[in-house]
Amino acid sequence: MKRGIIALGFLSIALLSGCGQSSASETADFNDADVMFAQMMIPHHEQAIEMSEIALDPASGASAAIQDLAIRIRDAQDPEIELMKGFLATWGSPVTPEDGVDHSSMMEGMLTVEELDELAGLQGPEFDVRWAQAMIAHHNGAVAMAEDALADGKNAETRKLAEEIIANQQSEIDELSLIAQ
């Protein structure tokens, strides 16, 4: 009986180790920098989506170029938020830092409520320029956070996401720079 249980245990381990081994081990191998990256990037991305929704509101009178960027930003960052929430759930970490402090003021590029309200009150070309300037600063903040994750994090999936964020947002910064002048 004892040998049967041991044999069953080894069989279970062998079967489980063959199922999604790389994904499970890559996700499980993380450190505090990986957790902080996800916890901080989620609200950062949420604000970029909020800024995109402001640009997509017909009241803004945003140009077609700004609307196109806003759609691309929203459509890229929403799935990344879900991915990071999944990382945190897998790691047994909360979506927000446990200290209960709002860290958004510590994140580079985040707009205040007043700045968001001011942005929402602008229209046409004035809106386009201010939105582009604000999104450049916002993206620069995300790039800095992603660079920190690459420097200090150890999770393979987090590092891959950080590399994608840097590449995508730097490309959008280049595009936005043409509008922000």
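A salt bridge (a side-chain nitrogen of Lys or Arg within 4 Å of a carboxyl oxygen of Asp or Glu) links K160 to E164, with the closest N and O atoms 3.6 Å apart. The two residues sit 4 positions apart in helix 7, so about one helical turn separates them; helices here are DSSP runs of H or I with at least four residues, numbered from the N terminus. E164 is partly exposed at 34% relative accessibility, a class lying between buried (under 20% relative accessible area) and exposed (over 50%), for a 1.4 Å probe and protein chains only.

The model is predicted, with local features needing pLDDT of at least 70, side-chain atom pairs counting only at pLDDT 80 or more, and totals for chains, interfaces and linings using all residues. Residues are numbered from 1 along each chain as its sequence is written, and side-chain values use heavy atoms, leaving out hydrogens and water.

Across the whole structure, a search finds 6 salt bridges. One of them pairs R72 with E175 at 2.6 Å, N to O. Because R72 belongs to helix 4 (residues 64–91) and E175 to helix 7 (residues 156–179), this pair ties together parts 103 residues apart in sequence. Both ends are partly exposed, R72 with a relative accessible area of 31% and E175 at 30%.

R74 and D75 form another bridge, their closest N and O atoms being 3.1 Å apart.

Turning to helix packing, Q47, E50, M51 and I54 of helix 3 meet L116, L119 and A120 of helix 5, contact meaning heavy atoms within 4.5 Å.
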